[in-house]
Amino acid sequence: MIVPAIAVVAGLVLLVWSAERFVDGAAATSARLGLSPLLIGMLVIGFGTSAPELVVSALAASQGNPGLALGNAYGSNIANIGLILGLVALISPLAVHSGVVRRELPVLGAVTLGSAALLWGGVIDRLEGTLLLGLLAAFIGYSIYLGMRQGSDVLGSDTEESLQAHPMSLKAGLVWTGVGLVLLVVSSRVLVWGAVAIAQGFGVSDLVIGLTVVAVGTSLPELASSISALRRGEHDLVLGNVVGSNLFNTLGVVGLAAVIAPIEAGGEVLLRDWSLMTVMTATMAFFAIGWRGRPGRINRYEGAALLAMFLGYTAYMISLVVGGGG
């Protein structure tokens, strides 16, 4: 078990580093090519931080471990809300001003609820995976349309400040995008091999390993970018990263994995993992949107509540690994 454990740690470290280079390079390249800061924040950064989940899940599905792919996607969504958003809000309360983020939250809620229909049958097949990818493409197209029509938004301003804080030429942006993508694939291969070996060693399913170790590891780029944005006071970019990433995970990551290989989803996924993910998504939206004159914000108490949900879930999942269940 020593070699697989080393592979997981090394894979995660390289994954986080390469993901940051990929997102920075892609954002800088998009800016140099004339893409608006608002669209870069909505699509490139928000979706780009999910590149680790996409690559890891695609490789896992292609190597006959689709359960790891599903666990990685749903587990990352839980980690994004509970660990990242909860921890960041605990450090500094988040004020939500962006109309774009408020508009995307109900979409994320609808997509999360709709995914229950796919899990109900016990298998997410290739046709359903194609449907998810089609919904993602439609959402991206609609986002581009709205982004081109909308004059300004706080999310765009936050993104512009972030780009100015990390200036990069077009050539450098292209190089780092390519290098980051290649290393993402390499690190993902190492990580998937180690994770599957550990799952087999402990006698647990690859789904459980995907929901725990792999999910938290692939969410680290979102944590790094969120803390960086928080230091610059870019609160809407923090929430935008989480919402965009969770949308991409639910539609793109699960969809691509299912197209590669149908995903078996036992009843425990719907009752345990999907249910918690849905409750946390609804809770995040309730805090962030604001109601009856209450401004949209996530304060320290609300951040602590989200973090407590994540820690309780993680403790339970670890007990499954140690006990050899799941």
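Helices are DSSP runs (H or I, at least four residues), numbered from the N terminus. The model is predicted, and local features need pLDDT of at least 70, side-chain atom pairs count only at pLDDT 80 or more, and totals for chains, interfaces and linings use all residues. Residues are numbered from 1 along each chain as its sequence is written, and side-chain values use heavy atoms, with hydrogens and water left out.

**View 1. A salt bridge between R21 and D24 within helix 1.** A salt bridge is a side-chain nitrogen of Lys or Arg within 4 Å of a carboxyl oxygen of Asp or Glu. By this rule the count comes to two. In this one, the closest N and O atoms of R21 and D24 are 3.8 Å apart. Both residues lie in helix 1, three residues apart, about one turn of the helix. Accessibility is relative accessible area: buried is under 20%, exposed over 50%, partly exposed in between (1.4 Å probe, protein chains only). R21 is buried at 18%. D24 is partly exposed at 31%.

**View 2. The salt bridge of R272 and D273.** The N to O distance between these side chains is 2.7 Å. D273 has 1% relative accessibility and counts as buried. R272 is buried too, at 17%.

**View 3. The aromatic pair W17 and W176.** Rings of Phe, Tyr and Trp (its six-membered ring) pair if their centres lie within 6.5 Å; planes under 30 degrees apart count as stacked, over 60 as edge-to-face and the rest as tilted. W17 lies in helix 1 and W176 in helix 8 (residues 170–202), so the pair ties together parts that are 159 residues apart in sequence. W17 is partly exposed at 37% relative accessibility. W176 is also partly exposed, at 32%.

**View 4. The second largest pocket, about 150 Å³ in volume.** A pocket is an open set of points on a 1 Å grid over the protein atoms alone, where a 1.4 Å probe fits, with protein on both sides within 12 Å along at least five of seven lines; lining residues have an atom within 4 Å of a point. Volume is the space filled by probe spheres set on the points. Twelve residues line this pocket, and F22, F47, G48, A51 and F248 are the closest to its centre. Helix 1 (2–32), helix 2 (37–48) and helix 3 (51–62) each supply at least two lining residues. Helix 2 gives the most, with four.
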